[in-house]
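Here are my notes on the model, point by point. Please read them with the coordinates open.

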Amino acid sequence: MKKVWVSLLGGAMLLGSIAPGASAAENSVPDPTQFTPTFQTVNWKSPSTVTGDNLVWSFLNRQQKTLLSLDNTHIGSHVREQFRIVDRTSDKYGTKHYRLKQYVDGIPVFGAEQTIHVNKSGQITSYLGAVISEDQQADAKENTTPKISATEAVYTAYEDAAIRVQSLSSSVQIVPEPYEDTSSVSKDTYEKASNNELSISLDKDSLDLDKVAELEDSKLEAVEPASSIPKIANLEPSVDPKAELYIYPDGDSTRLVYVTEVNTLQPTLLRTRYFIDANDGKIVFKYDILNEVIGTGRGVFGDTKTFETTASGKKYQLKDTTRGKGILTYNVHNTETLPGTLYTDSDNVWEDPAAVDAHAYAIRTYDYYKDRFGRDSIDGHGMAIASAVHYGAKNYNNAHWGGTHMLYGDGDGTLFAPFSSDLEIVAHELTHGVTEHSSGLVYFAESGALSEAISDIIGNDIERTNWDFGKVAYTPNIKGDAIRSLSDPVKYGQVDHYSNLYPDPNNEDYGGAHINSGIINKAYYLLAQGGTFHGVKVDGIGRDAAVYIYYNAFTNYLTSTSNFSTARAAVIQAAKDSYGENSIAVTSAIKSFDAVGVR
């Protein structure tokens with residue numbers, strides 16, 4: 001059984017669940033995507049003596065009133081107290097990209113993220129972001145101490161997930177143990193946690209009472225161990241549970257909430273993000289983010305592949321140590337238990353076609369990102385890529401990015417072949433990981449559709465055979481069809497114009513994530529290939545330029561709650577920063593979004 005961790009960290013995290021959908025649960029709040037960022041072209045030049053991070057702070061100091069909703073009472077101090085630079089990157093055209101977050105008394109504001117972009121001449125070209133108002137800031141300051149612990153928040157999420165599991169399986173028994181929490185966590189703890197200085201891990205069997213006393217004496221109070229969490233409906237966490245404290249915008253006011261995730265493999269695959277009121281312990285919102293695909297050795301379709309492996313004693317491991325921190329492929333033997341068994345072989349000739357494809361295509365995807373964008377693996381810092389094949393029952397029709405592993409089902413042979421057999425699907429799912437480690441797009445509604453679109457775009461671009469996506473694994477006995485089409489989204493059940501945006505009233509598709517992504521796919525296709533759509537003529541700029549602009553915009557400009565309108569602004573600005581304000585790329589980017597009705 002996995003040891004349960006309760007970690008208090010600063011920043012956003014990921015999501016998931018058993019069935020598509022979202023709900024506002026017991027307390028109604030706006031969904032996480034409603035706090036959308038705004039875009040502004042800036043063209044601001046600082047004094048030549050100001051460089052690096054100081055350039056950003058100088059810009060924000062001068063924009064306190066117009067961009068950040070701050071008064072001028074304490075010029076400079078407000079900005080540095082409320083905003084933190086969380087990431088810095090540079091692209092091949094010399095543009096520097098800064099990603100920031102807003103904090104109130106050391107607690108991050110959910111969705112209050114900003115991106116600022118500085119060209120090679122030292123000129124700030126654009127700002128994209130969202131901030132809470134001064135009234136909301138004042139309201140938030142009145143409520144920065146939670147009345148429930150992080151452990152209780154995690155427990156509440158797992159208890160709710162257990163009820164959902166029971167609704168799908170009468171064999172699951174919910175027997176939660178009585179839970180009583182008498183602990184609290186001081187503001188000092190949260191301030192240290194928001195600076196990534198603190199991670200509390202407590203296990204009931206190894207709880208050191210002397211250590212607890214020491215923590216209390218130092219004002220860092222202990223979190224009660226969540227020892228009963230895995231016992232609820234046998235939901236065993238596949239990753240260590242975390243509960244992170246956030247300020248959550250709610251109309252003209254704010255709430256103090258814990259954001260936590262239920263991520264399990266047994267008795268069913270689950271990834272759900274929960275927002276839990278830190279004062280009354282009620283679930284205020286939850287949504288699922290499984291990131292599903294709808295939905296030498298020989299590969300599934302008989303082709304021979306060569307790839308790097310590792311010699312270990314007298315055997316070989318299906319492990320490539322030449323790329324980042326490694327590319328590893330495991331067999332989970334049609335179970336749901338990770339990580340599974342690392343593949344080994346005595347002669348370095350591999351006999352499992354699903355494993356051959358998974359390993360080779362993970363390598364192909366890593367190389368694609370490195371060669372085309374200069375990105376080192378999923379997180380940009382060499383993150384190990386682990387693949388698990390033969391996941392679930394033998395006819396499991398799904399592939400899934402689980403936050404730490406790629407999971408590939410074997411397919412039923414009719415609707416799907418083994419999912420690892422399709423390079424486009426592999427690249428699509430791994431791109432969800434790239435999104436998770438860059439913009440962090442919320443997997444719901446328009447933000448979720450943006451996440452699906454960039455995964456389709458990268459998945460399609462990696463081979464460039466045509467404009468269809470997922471054509472190899474899907475219906476292997478039927479030639480010529482695919483899961484989705486970027487050139488003609490309507491062909492496979494998507495929409496291709498904003499006037500036809502699917503509202504998804506029952507949240508059966510993560511707020512329309514898969515259906516509405518066709519709008520962005522079509523805009524990308526028009527930018528790359530060109531054409532006339534809804535009376536708007538777009539000159540294509542080619543795949544190389546188009547995919548670079550989209551990758552740059554989605555990883556460096558967008559924030560987690562971006563919608564289609566901010567994506568338009570980001571793509572156009574990325575084209576300006578890379579190819580020039582008066583370039584064909586910019587004109588075509590504008591027209592491509594005009595053509596699909598996104599303003």
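1. D461 is buried, because its relative accessibility is 2% and the cut-off for buried is under 20%. The model is a predicted one. D461 forms a salt bridge with R372, with the closest N and O atoms 3.8 Å apart. This pair links distant parts of the chain: D461 sits in helix α10 and R372 in helix α8 (residues 353–373), 89 residues apart. R372 is partly exposed, at a relative accessible area of 29%.

2. Helix α10 covers residues 445–461. It has 17 residues and spans 24 Å from its first C-alpha to its last, close to the 24 Å expected. How many residues of α10 are buried? The count is 17 of the 17, so α10 is largely enclosed by the rest of the structure.

3. A445 also belongs to α10. Its phi is near 55 degrees, a positive value in a residue other than glycine. A445 counts as buried, with 16% relative accessibility. H534 likewise has a positive phi, near 50 degrees. H534 lies in the loop between β25 (531–533) and β26 (536–538). At a relative accessible area of 51%, H534 is exposed. Check both backbones: most residues other than glycine have a negative phi.

4. Which peptide bond is cis, with omega near 5 degrees? The one from L338 to P339. P339 is in the loop between β17 (327–335) and β18 (341–342). For context, most peptide bonds are trans.

5. The whole structure holds 21 salt bridges. One of them joins D105 to K141, with the closest N and O atoms 3.3 Å apart. D105 is in the loop between β4 (96–104) and β5 (107–118), and K141 is in helix α4 (residues 134–141), so the pair ties together parts 36 residues apart in sequence. D105 is partly exposed at 29% relative accessibility. K141 is partly exposed too, with a relative accessible area of 46%.

6. R255 and D277 form another salt bridge, the closest N and O atoms being 2.9 Å apart. R255 is in strand β9 (residues 253–266) and D277 in strand β10 (residues 270–277), 22 residues apart. Both R255 and D277 are buried. Elsewhere, a network of salt bridges links E308, D320, R323 and D367.

7. Now the overall picture. The protein has 14 helices and 26 strands. Of its 599 residues, 60% are buried.

Notes: Residues are numbered from 1 along each chain as its sequence is written. This is a predicted model: local features need pLDDT of at least 70, side-chain atom pairs count only at pLDDT 80 or more; totals for chains, interfaces and linings use all residues. Side-chain values use heavy atoms; hydrogens and water are left out. Helices (H or I, at least four residues) and strands (E, at least two) are DSSP runs, numbered from the N terminus. The expected span of a helix is 1.5 Å times one less than its number of residues. Buried means under 20% relative accessible area, exposed over 50%, partly exposed in between (1.4 Å probe, protein chains only). A salt bridge is a side-chain nitrogen of Lys or Arg within 4 Å of a carboxyl oxygen of Asp or Glu.
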